[in-house]
Amino acid sequence: MTERFKAFRVHTIDAKAVCRFEQLTLDELDPGAVVIETAYSAVTYKDAMAARGVGKNVRTSRPCVTGVDLSGVVASSTDARFKKGDKVIVTNYKLGTEQDGAYADFARVPGDWIVPLPAGLTLYEAMGLGTSGLTAALAVDRLERAGLTPAMGAVAVTGATGGVGSLAVDMFAKCGYKVVAISGKKEQEGYLRSIGADSIMSREAFLENRAALAPSLFAGALDNVGGIYLDRLAARMHPAGKLAVAGMAVGAELTTTVLPLVLRAIDILGINVSRQLHMQERKRLWSRLATDLKPDHLAEISRPIAFEGLDQAMDKFFDASTVGRIVVEVGSKALK
Ligand SMILES: NC(=O)c1ccc[n+]([C@@H]2O[C@H](COP(=O)([O-])OP(=O)(O)OC[C@H]3O[C@@H](n4cnc5c(N)ncnc54)[C@H](OP(=O)(O)O)[C@@H]3O)[C@@H](O)[C@H]2O)c1
């Protein structure tokens with residue numbers, strides 16, 4: 001295909017990230033056996049970092065089409081597992097960081113990265129979920145497998161208004177848990193209740209008690225924030241509580257004690273949906289996302305923006321003012 005199409009690329013110029021819309025041909029994209037016509041993408045913290053040159057997650061040696069999540073329709077394939085017209089999802093792996101990604105009318109990717117769109121999800125809903133949904137689903141799944149049940153007590157979610165947090169609040173509530181949403185956004189209390197939170201705890205109230213073992217509050221938890229938040233969650237878990245750790249919105253450092261582990265025997269479970277997550281496991285989780293874990297309030301949690309509005313959506317991630325998931329309308333209307 002020699003026709004030109006629209007792409008949002010990041011260039012590194014004088015050690016600074018410069019992003020802009022450009023016209024590319026398919027041959028200018030990184031190689032891959034499957035060509036996908038992109039329908040939707042999303043904006044995550046990782047995308048914002050790439051667009052603004054924060055951190056080192058995107059290649060700087062040559063321009064890169066960013067966008068780490070996509071849903072779309074196969075346009076052509078030399079991989080026998082996929083054929084023209086198949087609806088598919090790609091999240092993570094090297095998409096939008098080391099390989100040209102989702103912010104273009106077309107993407108070329110290896111077949112090994114592709115998940116067929118499960119029955120029960122539209123292409124739009126798949127991006128309402130995306131990496132954030134997969135992360136929340138993996139956390140619910142791992143906590144349940146570790147033995148957590150609603151009868152054991154409440155579940156806490158930090159960074160509750162974020163992409164992962166919002167979807168996790170909904171999924172835990174759907175599974176029958178009482179969810180305590182921990183958030184810095186007092187004005188979003190109504191939103192958090194509307195998506196399934198049973199109660200809201202402000203960041204200040206949550207951080208107030210600094211005892212190594214504070215009075216216990218939670219049977220389960222998902223931490224999206226790290227640092228002092230992870231320390232405080234560990235100190236607040238019931239005996240044998242299960243704590244899943246997905247994020248580091250506040251930073252990677254952690255200062256804590258071993259007391260919750262050795263005196264309350266809590267379990268701490270790591271969550272990682274990057275390329276380490278095996279394809280079989282990825283497909284199983286997407287199948288849950290289309291059925292028993294499909295959020296009841298996905299339409300409220302995700303909101304669409306036009307492809308042209310992409311650049312303006314990035315900066316909100318740096319002052320933690322985003323709420324829920326931003327879905328980017330990339331492709332032609334006919335795909336939707
Ligand atoms: N482990 C994995 O495989 C995986 C996958 C995807 C994402 N992640 C990570 O998970 C985290 C959440 O991702 P996301 O997509 O949900 O991000 P997001 O949409 O930007 O949400 C992060 C939320 O964290 C809270 N927050 C942000 N800065 C904070 C601060 N300085 N102090 C306290 N709270 C703060 C805010 O929620 P409130 O205002 O409600 O408090 C914010 O909305 C990120 O660190 C991301 O890198 C990990």
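Begin with the shell around the ligand, to which domain 1 (5-117 + 298-335) and domain 2 (131-270) each contribute at least three residues; the domain bounds come from an automatic or database domain assignment. The model is predicted, so local features require pLDDT of at least 70 and side-chain atom pairs pLDDT 80 or more, whereas totals for chains, interfaces and linings use all residues. Numbering starts from 1 along each chain as its sequence is written.

Select the residues surrounding the ligand: there are 30, and the closest are Gly-159, Thr-161, Gly-162, Ser-183 and Gly-247. A residue is taken as near if its C-beta atom, placed from the backbone, lies within 6 Å. By class, the shell holds 12 nonpolar, 16 polar and 2 charged residues. Here Ala, Val, Leu, Ile, Met, Phe, Trp, Tyr, Cys and Pro count as nonpolar, Asp, Glu, Lys and Arg as charged, and the others, Gly among them, as polar. Helices α2 (123-145) and α3 each supply at least two residues of this shell; helices (H or I, at least four residues) and strands (E, at least two) are DSSP runs, numbered from the N terminus.

Next, colour domain 1 and domain 2 separately; their centres, taken over C-alpha atoms, are separated by 30 Å. The contact between them takes 12 residues from domain 1 and 14 residues from domain 2, a contact being a pair of C-beta atoms, placed from the backbone, within 7 Å. On the domain 1 side, the touching residues divide into 4 nonpolar, 5 polar and 3 charged.

Select residues 179-183, strand β10. 5 of its 5 residues are buried, so the strand is largely enclosed by the rest of the structure. Buried denotes 20 or more other C-beta atoms within 10 Å of the residue's own, exposed 12 or fewer, and partly exposed anything in between, with C-beta atoms placed from the backbone. Val-179, Ala-181 and Ser-183 point one way, and Val-180 and Ile-182 the other. Ser-183 is also one of the residues closest to the ligand.

Which residue of β10 is the bridge partner of Val-157? It is Ala-181. Strand β9 (residues 155-158) runs parallel to β10 and is joined to it by 4 bridges; two strands pair if DSSP finds at least two bridges between them. Ala-181 also stands opposite Ile-200 in β11, and β11 (residues 199-202) pairs with β10 in the parallel sense over 4 bridges.

β9, helix α3 (residues 163-174) and β10 make a right-handed β-α-β unit, as do β10, helix α4 (residues 189-194) and β11. Right-handed means that, with the strands pointing away from the viewer, the path from the first strand over the helix to the second runs clockwise.

Move to the open sheet of 3 strands, ordered β2-β1-β4 with antiparallel pairing. β2 (16-24) and β4 (64-65) stand at the edges with a single partner strand each, so one side of each has no neighbour in the sheet. Between β1 (residues 5-13) and β4 there are 2 bridges, and Val-10 stands opposite Cys-64.

Select Ala-15, in the loop between β1 and β2. Ala-15 counts as exposed because it has 7 C-beta neighbours inside 10 Å.

Finish at helix α1 (residues 45-52), where 6 of the 8 residues are buried, among them Tyr-45 and Met-49. Their cover includes β1, β2 and β3 (34-43). Just after α1, Gly-53 takes a positive phi of about 70 degrees.

How values were computed:
Two residues are in contact if their C-beta atoms, placed from the backbone, lie within 7 Å.
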